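This report turns to a structure and considers its salt bridges, its pockets and cavities, and a few points of surface and backbone geometry.

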Amino acid sequence: MKKIMVSKPALPPISEYTDLLEVIWNNNHLTNSGPLHQDFEILLKGYLKAEEVCLFTNGHLALEAALQVLNLTGEVITTPFTFASTAHAITRSGLKPVFCDIDPETYNIDVSKLEDLISDNTSAILAVHVFGTPCDIEGIEKIARKYNLKVIYDAAHAFGVTFKGRSISSYGDISMFSFHATKVFHSIEGGALVFNDKSLKRNLEKLKNFGIENEEVVDMVGFNAKMNEFQAAMGILNLKNIDETISKRREIVSHYNSKLESILEITVLKPTDHTETNYSYYPILLRSNKVKGFRNKVYTLMKEKNIFTRKYFYPLCTDFECYKSYHVNVPIAEDIASSVLVLPLYDSLSIEEVDYICDSIKESITSMNGESLN
């Protein structure tokens with residue numbers, strides 16, 4: 001069997017991309033909010049039913065811009081079960097991340113533990129829709145209103161997700177999407193902020209362009225985070241196919257579920273109520289009372305079979321050297337991080353490959369259970 005990677009980017013027909021390359025050549029406009037950038041922004045506003053969209057060169061810089069445009073100070077409560085970017089964006093913005101434990105069913109921030117972490121220095125909650133599962137949005141926003149906190153959602157995994165019939169991007173003060181090539185929807189690299197407060201738009205445009213107001217005035221300390229025309233071209237083409245991409249992923253996830261849900265050692269992430277998900281990842285928890293280091297052994301055995309899974313998110317942000325001094329108590333996050341394994345999922349993954357992956361997991365578990373009894 002050929003290598004099966006954990007993710008593979010969806011790509012449009014190359015002829016469609018070269019057609020847009022010709023447009024870029026004819027425009028002779030490569031970056032700085034070119035024509036394709038503007039078209040892409042309008043298309044995204046329509047797809048996400050958003051009041052405002054601001055494009056960035058990547059999701060991380062978009063997240064930093066969100067934290068800075070809201071003029072936050074002091075502490076921001078977030079989750080340790082996330083990609084490094086979330087905690088780093090808080091720290092690099094001169095703020096202190098305060099890590100909250102997670103819910104054992106959704107792997108998102110545990111709303112019941114939020115209030116104990118709020119202090120006089122808390123200015124915001126930065127929650128992550130992990131694996132495309134919406135956070136407890138209503139619980140978070142109730143607490144945010146009570147303590148007058150801003151709410152930012154890291155929606156890097158959640159492009160196209162809806163909750164109670166509304167786009168996930170319509171909740172909170174700002175939502176950040178990543179358009180990295182590993183995501184359900186991508187623009188090679190890229191990212192976007194989506195928000196309802198139109199007054200934020202001007203300052204976000206300046207932040208991502210060195211704080212420049214006009215040719216002679218720079219009145220803000222900004223950075224360079226502008227999306228270029230080549231990224232916008234890829235985004236425009238992939239947006240045409242996003243519903244088909246999600247539909248194919250739905251079929252693959254359904255097949256995974258039928259093959260794995262009955263296995264005692266495997267826990268499959270369940271969908272939450274009122275949610276239309278995007279099938280961005282297929283995480284499973286692997287637990288065994290018989291075999292020490294069970295998840296890691298399955299990971300290694302799968303690799304030997306040319307199946308490349310991912311321990312995602314492991315280690316936790318709180319285990320990084322730069323955050324170890326925080327000494328946090330997050331036992332649920334530690335348990336999930338030590339058990340989680342994300343299986344390959346992308347629209348071109350065949351059912352035969354899914355069968356091979358599932359059979360390989362079963363063989364690995366059977367083999368280890370046999371060994372443990374010897």
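Glu-52 is buried, with a relative accessible area of 11%, where buried means under 20% relative accessible area, exposed over 50%, and partly exposed in between, for a 1.4 Å probe and protein chains only. The model is a predicted one, in which local features need pLDDT of at least 70 and side-chain atom pairs count only at pLDDT 80 or more, while totals for chains, interfaces and linings use all residues. Residues are numbered from 1 along each chain as its sequence is written, and side-chain values use heavy atoms, with hydrogens and water left out.

Glu-52 forms a salt bridge with Lys-198, the closest N and O atoms lying 3.5 Å apart; a salt bridge here is a side-chain nitrogen of Lys or Arg within 4 Å of a carboxyl oxygen of Asp or Glu. Because Glu-52 belongs to strand E1 (residues 52-56) and Lys-198 to the loop between strand E9 (191-195) and H6, this pair ties together parts that are 146 residues apart in sequence; the helices (H or I, at least four residues) and strands (E, at least two) are DSSP runs, numbered from the N terminus. Lys-198 counts as partly exposed, at 47% relative accessibility. Salt bridges that share partners join Glu-41, Glu-51, Glu-52, Lys-198, Lys-201, Glu-205 and Lys-208 into one network.

The structure holds 22 salt bridges, and one of them pairs Lys-240 with Glu-16 at 3.5 Å between the closest N and O atoms. Lys-240 lies in helix H7 (residues 229-240) and Glu-16 in helix H1 (residues 14-27), so the pair ties together parts that are 224 residues apart in sequence. Lys-240 is exposed, with a relative accessible area of 57%, whereas Glu-16 is partly exposed at 25%.

## Pockets

On a 1 Å grid over the protein atoms alone, a pocket is an open set of points with protein on both sides within 12 Å along at least five of seven lines, a cavity is a set where a 1.4 Å probe fits but cannot get out, and lining residues have an atom within 4 Å of a point. Grid points are joined across faces, edges and corners, and a volume is the space filled by probe spheres set on the points. Of the 29 residues that line the largest pocket, Phe-83, His-180, Thr-182, Lys-183 and Tyr-312 are the closest to its centre. Helix H3 (59-69), helix H4 (84-92), strand E8 (174-178) and strand E15 (340-343) are the elements that give two or more residues to this lining. By class, the lining has 11 nonpolar, 13 polar and 5 charged residues, with Ala, Val, Leu, Ile, Met, Phe, Trp, Tyr, Cys and Pro counted as nonpolar, Asp, Glu, Lys and Arg as charged, and the others, Gly among them, as polar.

The second largest pocket holds about 320 Å³. Its lining comprises 20 residues, of which Leu-269, Lys-270, Pro-271, Thr-277 and Tyr-279 are the closest to the centre. Helix H8 (242-260) and strand E14 (282-286) each supply at least two lining residues, and the largest share, 3 residues, comes from H8.

## Cavities

There are 2 cavities of 30 Å³ or more. The largest cavity, with a volume of about 40 Å³, is lined by residues including His-157, Phe-159, Lys-183, Val-184 and Tyr-281. The second largest cavity has a volume of about 30 Å³, and among its lining residues are Lys-183, Val-184, Arg-249 and Asp-347.

## Backbone geometry

Most residues other than glycine have a negative phi, and most peptide bonds are trans. The peptide bond from Tyr-312 to Phe-313 is cis, with omega near 15 degrees, and the bond from Tyr-314 to Pro-315 is also cis, with omega near 0 degrees. Phe-313 lies in the loop between helix H9 (294-304) and helix H10 (331-339). Asn-306, placed in the loop between H9 and H10, has a positive phi of about 70 degrees although it is not a glycine.
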